[in-house]
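Here is a briefing on a structure with its sequence. Have both in view as you read.

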Amino acid sequence: MALELFLEGDPIADTKAPRDVPIGERWSERKFRGKLVNPANRRKMTIIVVGTGLAGGAAAATLSEAGYKVKSFWFQDSPRRAHSIAAQGGINAAKNYRNDGDSVHRLFYDTVKGGDFRSREDNVHRLAEISTQIIDQCVAQGVPFAREYGGLLDNRSFGGAQVSRTFYARGQTGQQLLIGAYQAFERQVAAGGIETHSRTEMLDLVVVDGKARGIVVRDLVTGEVTTHLGDAVVLGTGGYSNVYYLSTNAKGSNTTAIWRAHKRGAYFANPCYTQIHPTCIPVSGDYQSKLTLMSESLRNDGRVWVPKERGDSRPPQDIPEDERDYYLERKYPAFGNLVPRDIASRQAKNVCDEGRGVGPGGLGVYLDFAEAIERLGRKTVEAKYGNLFDMYARITGEDPYSAPMRIYPAVHYTMGGLWVDYDLQSTIPGLFVIGEANFSDHGANRLGASALMQGLSDGYFVLPNTITDYLSAAPFEKVPADHPAVVEAEAGVQAQVEKFLSINGTRTVASFHRELGRLVWDYCGMERTAEGLRKALDRIPELRKEFWTNVKVAGDAHTFNQNLEHAARVADFIELAELMCIDALAREESCGGHFRAESQTPEGEALRNDEEFAYVAAWGWTPEGEPPVLHREALEYEYVHLAQRSYK
Amino acid sequence: MTLRVWRQPSPQVKGKMANYHLTDVSPDMSFLEMLDVLNEQLILDGEDPIAFDHDCREGICGSCGLMINGIAHGPEQTTTCQLHMRSFSDGDTIDIEPWRSGGFPVVKDLVVDRSAFDRIISAGGFISAPTGTAPDAHATPVPKVDADAAFDAATCIGCGACVAACPNGSAMLFTAAKVTHLGLLPQGQPERDSRVVRMVAQQDAEDFGGCTNIGECSAVCPKGISMETISRLNHDLLGALRANAVPTS
């Protein structure tokens, strides 16, 4: 008997964006209609902020500047370590400093289209409006953006746009923006507005009378489990790419905070929307712990190929020209090596699945610069790509000037996340979700240089303005420390810690994480089929069962125990993986990063089905063994007309 | 290969070096992946795995940092996560220790507490620009040379190798990098004097040693932060003290 995949729940809708005024006026109008909190009352309110990346760090600093009491939590040793720091490329803003026809409307349009028409117009328009303020704010903080000789800011162009609107700080834009937010944060720490909790991980949400009122945390150094209460909770805890085990995310990045909020009632939206980047350094062995991104600008001059014959193990230099398959140039003569990210990624997977992949494990394709070096000279290639070639050489030990690079796609961003309305409030009143942790702005595919924009928009400008409407009724009645909801949540966390340490099985946490990652990568990665997803859905519950009966977790509960931290995160990844596969199976169309092999154009491109699938899938949690509940938010396009993306 | 690793269960307990043998180390492994492999073995053997800080594993978050054969971040001038086993030879014995400095107390094994760095930033390592107060980004042009030099100083990842390498355990390169970054920009001028005085005072209040311009810090800095930043800090500090512009709380 086939169990039902999911149950159909009530539809869901955003009720906060004022749709009775034109889109360009909605954000101002919302700020006007939302209630405010007077400065004297702000001091009486406590806001819990989890995460210190671009979204969480910016929000904590800004809320403290406004006069609220902020309690900040993060799992690393310093708030400056959050993974926003690793973003390379840049941040978009509709400044039109180039006089090249850019505008708020154009950035809005590009982002909706880039998201393959699966995002909410109101949110995206607001993001485009705020983009210009972000640059102003960051410059005022001393972020050293690239400048021209005249002293004005430089811009570069990025994928999915015909204008130059990307601001950057060499290849370290994320670092510089995060340091800016971190410094604003530390300034508020000195001012006494932010209470800090480093090396502290959120392990549950406390919901009292239907409102998010606090969090249960574990001090990672002492193992102590405590509850922190307040008037509202803000999660800026990032994405869940590490469900794949190997990704470009930091090792600590995890889904635990949002997943546990989901289990307390926050809907999880579009979990299957993940983004896979085509040019990463491939896996070199079983010990591989993470993947490193190489800028996709390399595809401007590099030629992608694999041997024509399967299992051809000759070194690349010994493979004659007519025995090579430049498959992108062959299949896409118009765009060649510059096809969009999703196509380049999928085709690399296809040739490797055929057994023609190169390098260890056969999971790699060549990116060859021999022709470019001959045409342009080594000096020019060095000037253009020198730092990337050096990075490649340091990691692989190979010289990309004399032999082709090997590349392979890797997961690096998740568009899905907790469902939020226009105010960034989840389906639990008082729980707000910002940055990559929410689902809001990128639809089924995120454009380059948009993640930094969204994180800072949410943190500096949106949340601090929308949370006031909720807090206008605060401060709420104090929750006593022995309230049943607190006692129950704390006991649950304690019980889970003890359970992990008592299983004492034969497999390590990492071995489960690796197996899960491989499963999700194979069946819910670059290409998804009903058959494959069903296979994954058969295997994941088995893996979950084995994990809870056979995992071996080292150490004890009362000292710094990284293995125990990892166990809790993997437990949540296993549950999330199941929901991702259900979401991917239910969405019988291709859109953006979600490619269902059954739904493609004759040219092999993603084929959307707007009639049936122009909705956000917001999932309600149900206990193990019961199908989750799907709440659909219909997507309506008033300003951007639905159209099929085309790269021909 | 043989690893001699500092094991210390907690700050209260005295630590010691422990020996481990590891076979089948691939030259393509990163140094941290080699430790991952060792930890998997230790877990299966029922032993406590070795604690070490790490996160992004691409050289930018600043979490990782080990003394490897007595050198901060090991034989290449990069972060520990970007060091690969091909930098070592078959049969080598490698000493692995935590950052050693009074300012960085050990948490466990190879993990240290670097919160002193956050407190130094908190003391003045910022430009006061509350959200919403900013003029247009083009209102104040910044000469490219200044912007580039500020960027060079701003690339500091706060890993703490400078402190670990310094015979005095001084945090001067870290502090100087921030003073230089913000002090070179027009936006940073109003607080330039108070910033340097406060940051140096906080640095002294932590358990860091004084700077005697030895230069070990810059030699191991994965981002190559220059000693010039220290000259600049000293210049700014003297100027600020002479101007007596700020209380030195």
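Strand β13(A) pairs antiparallel with strand β14 (residues 324-325) of chain A, over two bridges. Within that pairing, Val306(A) stands opposite Asp325(A) of β14(A). Strands and helices here are DSSP runs, strands being E of at least two residues and helices H or I of at least four, numbered from the N terminus. Two strands count as paired if DSSP finds at least two bridges between them.

This is a predicted model: local features need pLDDT of at least 70, side-chain atom pairs count only at pLDDT 80 or more, and totals for chains, interfaces and linings use all residues. Residues are numbered from 1 along each chain as its sequence is written, while chains are lettered from A and ligands numbered from 1 in the order in which they are written.

**Strand pairing in chain A**

- Strand β13 (residues 303-307) of chain A also pairs with strand β15 (residues 365-368) of chain A, antiparallel and over three bridges.
- There, Trp305(A) is set opposite Tyr366(A) of β15(A).
- Strand β1 (residues 7-8) of chain A runs parallel to strand β22 (residues 629-634) of chain A, and two bridges link the pair.
- Leu7(A) has Val629(A) as its bridge partner in β22(A).
- Strand β21 (residues 615-620) of chain A is antiparallel to β22(A), with six bridges.
- Gly620(A) has its bridge partner in β22(A) at Val629(A).
- In general, strands of a sheet pair through backbone hydrogen bonds, either parallel or antiparallel.

**Chain A overall**

- Chain A holds 17 helices and 22 strands.
- The C-alpha atoms of chain A fill a box of roughly 75 × 65 × 50 Å along the principal axes.
- Buried residues account for 59% of the 648 residues of chain A.
- A residue is buried with 20 or more other C-beta atoms within 10 Å of its own, exposed with 12 or fewer, and partly exposed in between; C-beta atoms are placed from the backbone.
- Of the contacts in chain A with a separation of 6 or more, 73% join residues 24 or more positions apart.
- Two residues are in contact if their C-beta atoms, placed from the backbone, lie within 7 Å.

**Backbone details in chain A**

- Ala474(A) and Pro475(A) are joined by a cis peptide bond, with omega about 0 degrees.
- Pro475(A) sits in the loop between α12 (451-471) and α13 (484-503) of chain A.
- Asn96(A) is not glycine, yet its phi is positive, near 55 degrees.
- The loop between β4 (91-92) and α4 (104-114) of chain A holds Asn96(A).
- Asn96(A) has 18 other C-beta atoms within 10 Å, so Asn96(A) is partly exposed.
- Asn270(A), also a residue other than glycine, has a positive phi near 45 degrees.
- Asn270(A) lies in the loop between β11 (268-269) and β12 (274-280) of chain A.
- Asn270(A) counts as buried because 30 C-beta neighbours lie inside 10 Å.

- An open sheet of five strands in chain B has mixed pairing and the order β2-β1-β5-β3-β4.
- Its edge strands, β2 (16-21) and β4 (71-72) of chain B, each pair on one side only.
- Strand β1 (residues 2-7) of chain B is parallel to strand β5 (residues 93-97) of chain B, over four bridges.
- Val5(B) has Ile96(B) as its bridge partner in β5(B).
- Helix α5 (residues 172-183) of chain B and helix α8 (residues 228-243) of chain B have axes that come within 8 Å and cross at roughly 70 degrees.
- α5(B) is therefore roughly perpendicular to α8(B).
- Angles of 65 to 115 degrees count as roughly perpendicular, under 35 as roughly parallel, over 145 as roughly antiparallel, and the rest as oblique.
- Axes are lines fitted to C-alpha atoms, for helices over the stretch in contact, and angles run from 0 to 180 degrees between N-to-C directions.

**Where the chains meet**

- The contact takes in 62 residues of chain A and 67 residues of chain B.
- On the side of chain B that touches chain A, α1(B) gives the most, with seven residues.
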